[in-house]
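Hi,

Here is the structure I promised to pass on.

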Amino acid sequence: MSEHPEVIIGIDLGTTNSLVAFADEKGPAIIDAGGDGGALPSMIGFDPESQQATVGSHARAHAVERPLTTVYSVKRLMGKGFADVSEDAQRLPYRITKRAGDEEGRDLAAVEIGEQTFTPPQLSALILGELRQRAERHFGHPVSKAVITVPAYFDDAQRQATRDAGRIAGLDVVRIVNEPTAAALAYGLGRSEQSTVVVYDLGGGTFDVSILRLQEGTFEVLATHGDTHLGGDDFDRQIMNLSAREVKEQFGAQIQAPATRQALRLFAEAVKIGLSSSPSKTLQIDLGQQRQYERTIQVAEFEAMIERFVERTLDSCRQAMRAAELTPQQIDHVVMVGGSTRIPYVRRRVGELFDCRPYTALNPDQVVALGAAVQASVLAGARRDVLLLDVTPLSLGIETLGGAMGKLIRNNMRVPCQATETFTTFQDGQTAVRINVLQGERELAADCRSLGVFELQDIPPMPSGMPKIDVTFLIDQNGILSVTAFEQRSRKEASIQVIPAHGLTRDEVSRMEQESVTFAREDMEAHRLISLRNQVTFDTTKAVQALAKHGDLVPAGLRADVERAVGELRSLAESSENCDAIHQQLLNFAQVTVPLAELAVSATLKES
Ligand code: AMP
């Protein structure tokens, strides 16, 4: 018996960032022992004096001042012959040298730092070592086994180099997994039914698409395609070029200084990221001498700027489909990977090509590491069958006015399933609605688990109660929940995807079910109180509006009675939790306001 439980970690050894994850009964999760959200920059910095190596954000912080001793993009060198990397070597600031040949007599690429020479696996091992230490800090005991992911197009030499890196870092690499396969595993695909899956991976500088066939737990890569120089950086550049052109037109100034260009690049990226969640974003640049450049970019304009790049990714998808001899109709699921797939336009265009809603429930920067962890837990013999049932373990719904839980899908419903309910706004002229997706059996939102929050924006201003917002919950056969809010008149839509089973254990499900029984009485009272308070708000607002609308027509005595009744009812509803008392006061209020209602009706009749 070993002293510690068998732990196998999952590692995404990325070109720009690397992550480590672990899957337990709750599902896969990123290990964030570095305090940077779990993403370790894949950079190694050597101190020019001591030659000591540091990995991650520290190395990145010194990259500009130490170009010759900071190594990044080492993944591009893994398992490559010296001759193969000549193009990359020209772009990379550090020195790449030739090392004695391998068995096939190829000269290999290595990196020269001062007096020392490092092989790419030795450098990658430093990154893996840091990830391993993070995992050990997290678990409080040694970790020696890992699953590591590589791009689907990696050849044998590149895969072997990745294994070597693991070994040097003291890790037994129990399996090398293709990145797209890991992404599919993170979504729990391929567990039962046979399916064909597209993994669309659009990052900062690269684009890849892979088509996988999944059956009975095996994954076959049918085709891959991509472009090693296409990604979010191109989108940033579009915004930068636009600004540079306009600055020249308006001020006759060129943006040339490296520091200003770098600042503009960061502003452009911030605008791009902002446009993923707002209809417009403004970019401001202070050009000195009291010259201020300001430009608002609308989503539609941004979409026009990036259209040709997105079109190129879709072409790659079409080529991959041709290679696999498949049509879009034969694709069952599309999984989104990489930071640039957060852009709604990218999601929309990919969805249109494959005529489906792409999977976006998981963080696109983390999905590969999460999938590596799922594979690791399978290899470690972990079982997680209870929450993979074909029924929903707990009810799902949204937070409604006053903090109640409005259930749309009850527990123990068979999946796939769908439910729609129509909601409205509560304030006149309200143009946005916040939707909090909840899971649990209790009646109050505060006692349920929030799975995610999103906003439906840009609703045209209308009186309260007028907008009709259809909220639809759809759980597919893989247990992935899509929640969509759709305003009927403006046809505005917003949505979110989540995996309700992640983060829950069998025990927690039982506890939540038990609590709903234990607290049934209190919950019912709490729910009743919320409904009564909502009714008080509604009735008193209508009465105040009627008083204002009919002005002088309302006799002074009646006006005083109604105003007093409004004040009393509101203060009771605020201060008391006695449902019966509030209910009684609501009935009294209705009596007091009868003459006002009659007056309103006769005034309306006269108007017509
Ligand atoms: P990756 O290479 O997968 O880490 O992706 C990084 C790219 O994703 C960069 O170009 C980022 O600017 C971009 N990105 C990250 N978040 C967003 C977002 N919310 N909207 C648009 N692009 C994003």
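First, the ground rules. This is a predicted model, so local features need pLDDT of at least 70 and side-chain atom pairs count only at pLDDT 80 or more, while totals for chains, interfaces and linings use all residues. Residues are numbered from 1 along each chain as its sequence is written, and side-chain values use heavy atoms, with hydrogens and water left out.

**Overall layout**

The protein has 15 helices and 26 strands; these are DSSP runs numbered from the N terminus, with helices being H or I of at least four residues and strands E of at least two. Its C-alpha trace spans about 100 × 75 × 55 Å along the principal axes. There are 608 residues, and 47% of them count as buried (buried is under 20% relative accessible area, exposed over 50%, partly exposed in between, with a 1.4 Å probe and protein chains only). The accessible surface of the protein is about 29800 Å², and carbon and sulfur atoms hold 48% of that (Shrake-Rupley method, 1.4 Å probe; for residues, only the protein chains shown count as cover).

As for contacts (heavy atoms within 4.5 Å), take those in the protein with a separation of 6 or more: 65% of them involve residues 24 or more positions apart.

The protein is divided into domain 1 (8–230 + 306–391), domain 2 (232–305), domain 3 (394–504) and domain 4 (520–607). Those bounds come from an automatic or database domain assignment. The centres of domain 3 and domain 4, taken over C-alpha atoms, are 29 Å apart. Their contact takes 10 residues from domain 3 and six residues from domain 4.

**The ligand site**

Some polar contacts to check (pairs of N or O atoms within 3.5 Å):

- Lys 272: a polar side-chain atom lies 2.7 Å from an oxygen atom of the ligand.
- Ser 276: an N or O atom in the side chain is 2.7 Å from a nitrogen atom of the ligand.
- Arg 342: a polar side-chain atom lies 3.1 Å from a nitrogen atom of the ligand.

Taken alone, the ligand exposes 510 Å², and the protein buries 79% of that.

**Backbone details**

Val 415 and Pro 416 are joined by a cis peptide bond, with omega about 0 degrees. Pro 416 sits in the loop between β20 (404–409) and β21 (417–423).

Asp 458 is not a glycine, yet has a positive phi of about 70 degrees. Its loop runs between β23 (449–456) and β24 (469–475), and at 42% relative accessibility Asp 458 counts as partly exposed.

Arg 491, also not a glycine, has a positive phi of about 60 degrees. Arg 491 is in the loop between β25 (481–487) and β26 (493–498), and its 61% relative accessibility makes it exposed.

Cheers

Technical notes: Polar contact = N/O pair within 3.5 Å; in protein donor to acceptor, adjacent residues only side chain to side chain.
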